[in-house]
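Hello,

Here is the structure I promised to pass on to you. Please have a look at it first, and then read my notes below.

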Amino acid sequence: MRPTGDPPEQASLRRALGPWLLTLYGLGSTIGAGIYALVGKIAGEAGYQAPLAFLVAAVLAAFSALSFAELAGRYPQSAGESAYVRAGFRQRWLSRLTGLLVVMIGIISAAALMRGLAGYINAFLPLGFEISIFATLALLTAIAVWGIRESAIAAALITLVEIGGLLIVILVSLWHIDMVDSLPSLMPERLDSDLLHAVMAGAFLGFFAMIGFEDMVNVAEEVRNAGRTMAIAITLTLVITTLLYMGVAWSALVWVTPAELAQSDAPLALVFETITGKEPLLITVIAVLAVVNGGLILLVMASRVLYGMSRMKQLPAWLGHVSRRTQTPVNATLFTALLIMLLSLTVPLEHLARLSAGIALTVFSLVNLSLVLVKLRREAAPAGILCLPLPVPLAGFVVSAGFVVWEVAKRFP
């Protein structure tokens, strides 16, 4: 039986996600997208203040995360950011541009993960860079096409494993802590201009590791009680991620210098081997699973945005096709996977990370400003959703836009 309101030629998406499965989905995106692949690069920028850089990145993300939570309750649909900008600015062209930017974030981020994955895989299995990426993407595409519940369950199980891997690094470091003469401080004694510049540079790159909560809103059509569930899951995802990232960064810097971490293609494997003197097989396997998991979630997210924009008639209709058997957007998923493969084979990891963070901050600026405009028009919100005071999205806009300007000025003085 066709769901009420669904066009005759279209199948509908399945509402199968509750708060805990959605939280694990978000954690899988953020953790897999950041700490295993980028902790070394962030330490290279911020030095021993890498934990502080993660905290700054989390604060930057928090304003926008809360704005996303309210907007997901107001407009619970796929292609969330595109819908939010359309509701705020009431400009179709800007809505379409925002949606395409979100797709770019997902594709670029996934490509970065594929490159990070190749570093871990080839540390033990010399399969070759191209073969590692092709085989991984083929597997992820098959899972994504299979079904949203199956994709979310697979992501949730791997997420539990990858969180365990981070906890192993922290616990092993703490277990051997008596062997260390001095410990790095979580906070600097004083923050001069050079140190502030280093922390902010690390935070900008660290923001890439916080990306994930915005992926969650793009499966809103597949979430039960989306308004309440999104607010809970987004908040839990950001808090848990921040605590884990700061703990892992501090634990790594106890044993390995920032310069050594920055030069490693498998930084957490290096930390484990330095502490224990043993081959880091377990951490490497977990890191591979973490990066694969992040890639799966980003693939799902980007394909849902393409699907949602097609359903809003902003992209060709064939991208909005939903399989009646799997109830997934097959064409959008295959198209997304192809673009991820092309980028992952041609662009370096750090360049991908910076590009993704810059585009994400631009989108966050637009989304926060959209909520500001909605609130200024005093548009009624559905009952039971998170409703923020106006200064929160306004702060999200100022911080996100300011960070973009700062990074551009730094790159092009």
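Gln 77 touches Ala 83, Arg 86, Val 217, Ala 220, Glu 221 and Met 312, leaving out residues up to four places away in sequence. Please keep in mind that this is a predicted model. You will find Gln 77 in the loop between α3 (50-74) and α4 (80-89). One of its contacts, Glu 221, lies 144 residues apart from Gln 77 along the chain, yet their C-alpha atoms are separated by 5.0 Å.

The largest nonpolar core has 125 residues, and Phe 54, Tyr 84 and Phe 207 are the members that touch the most others. Helix α10 (residues 226-255) contributes the most to this core, with 15 residues.

Finally, the surface. Which residues form a nonpolar patch there? They are Val 161, Leu 281, Val 285 and Leu 289, with about 290 Å² of accessible area together. Helix α13 (residues 281-311) gives the most to the patch, with three residues. Val 285 is found in this helix and, at 41% relative accessibility, is partly exposed.

Enjoy exploring!

Best wishes

Key
Residues numbered from 1 in each chain as written. Predicted model: local features only at pLDDT ≥ 70, side-chain atom pairs only at ≥ 80, totals over all residues. Heavy atoms only, no water. Patch = residues over 30% accessible without salt bridge, like charges linked within 9 Å, V, L, I, M, F, W, Y side chains within 5 Å. Areas by Shrake-Rupley, 256 points an atom, 1.4 Å probe, with all protein chains shown as cover. Salt bridge = Lys/Arg side-chain N within 4 Å of Asp/Glu carboxyl O. Helix = DSSP H or I, 4+ residues; strand = E, 2+ residues; numbered from the N terminus. Buried < 20%, exposed > 50% of the residue type's maximum accessible area, 1.4 Å probe, protein only. Core = buried A, V, L, I, M, F, W, Y, C linked by side-chain atoms within 4.5 Å. Contact = heavy atoms within 4.5 Å.
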